[in-house]
Amino acid sequence: MKHRLAVVVGSTRPGRVGPVFAEWLEAFAREHGKFEPVMADLAAFDLPLLDEPHHPRLGKYEKTHTKSWARMVEGADAFVFVTPEYNYFAPPAIVNAVDYLAREWNYKPAGFLSYGGVSGGMRAVQALKPLLTTVKVMPIPEAVALPTYAAHLDKQGNFAPSEQVAASATTMLDELYRWSVALKPMRQAA
C-alpha cells in the first residue's frame with residue numbers, strides 16, 4: 001500500500017493562489033508514484049481559533065471540524081505544506097491547524113512548497129520547522145520554493161513549472177518517501 005501524502009493548503013485568504021500550486025503538486029506526486037496524495041485545504045476545514053475545551057494531547061475532541069481535521073492528519077504518512085509567507089512568517093491558519101492536534105502528527109515527515117516574493121516563502125518554512133518538531137513531525141530540508149510566484153503563472157492563472165521546479169519536487173518527494181518509510185515503525189508502535 002502506498003504511503004498517504006497530505007498536501008496541506010496553508011492560506012485561507014480570499015484570492016489565494018495556494019490551491020493552484022497544491023493541485024499541481026498533488027498531480028505531480030500521484031505521477032511520481034510513491035504516494036497516494038490527498039488534498040487537505042485548510043479553508044475547507046474552517047478551523048476557528050482553538051475552540052476545543054480540552055488540551056489536544058488528550059484527544060477528547062468535541063467539535064466536528066476538529067474530528068474531521070484529526071482524521072485527515074491521523075490518516076497521513078507524510079505532509080507537504082503549501083505555504084505563502086505573511087510578514088516574514090507562516091500563515092496563521094497553518095499555525096492554528098498544527099496547534100489543534102497533538103499525537104496525530106507524531107512520527108511523520110514534512111516537506112514544503114513555499115511561494116512569495118523575493119524569498120520564495122522560505123522564511124515561512126523556517127518559522128514552521130520548530131513548531132512541527134514540537135509535535136514530532138520531521139521537517140526535511142529538501143523543498144520547492146517559488147520566488148516572485150506570479151512569474152510562474154500564465155495569464156489564466158495556471159501554474160507552469162520550470163524544469164528546476166519539477167526537479168526540486170522530485171527530490172523532495174523522494175526524500176519525503178525515505179523518511180516516511182523510516183518513521184513507519186515508530187508510527188505503528190505509537
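Which side chain meets K34 in a salt bridge? D174 does, at 3.5 Å, N to O. A salt bridge here is a side-chain nitrogen of Lys or Arg within 4 Å of a carboxyl oxygen of Asp or Glu. K34 sits in the loop between α1 and β2 (35-41) and D174 in helix α6, so the pair ties together parts 140 residues apart in sequence. Helices are DSSP runs (H or I, at least four residues), as are strands (E, at least two), numbered from the N terminus.

Two quick notes. This is a predicted model, where local features need pLDDT of at least 70, side-chain atom pairs count only at pLDDT 80 or more, and totals for chains, interfaces and linings use all residues. Residues are numbered from 1 along each chain as its sequence is written, and side-chain values use heavy atoms, with hydrogens and water left out.

The whole structure has 9 salt bridges. Another one pairs R187 with D77, closest N and O atoms 3.4 Å apart. R187 is in helix α6, D77 in the loop between α3 and β3 (78-84), 110 residues apart. Both R187 and D77 are buried, meaning under 20% relative accessible area, where over 50% is exposed and in between is partly exposed (1.4 Å probe, protein chains only). K34, at 33%, is partly exposed.

Stay on α6. L183 is in that helix. L183 is buried too, at 10% relative accessible area. Setting aside residues up to four places away in sequence, L183 touches Y107, K108, P109 and M138. Touching means heavy atoms within 4.5 Å.
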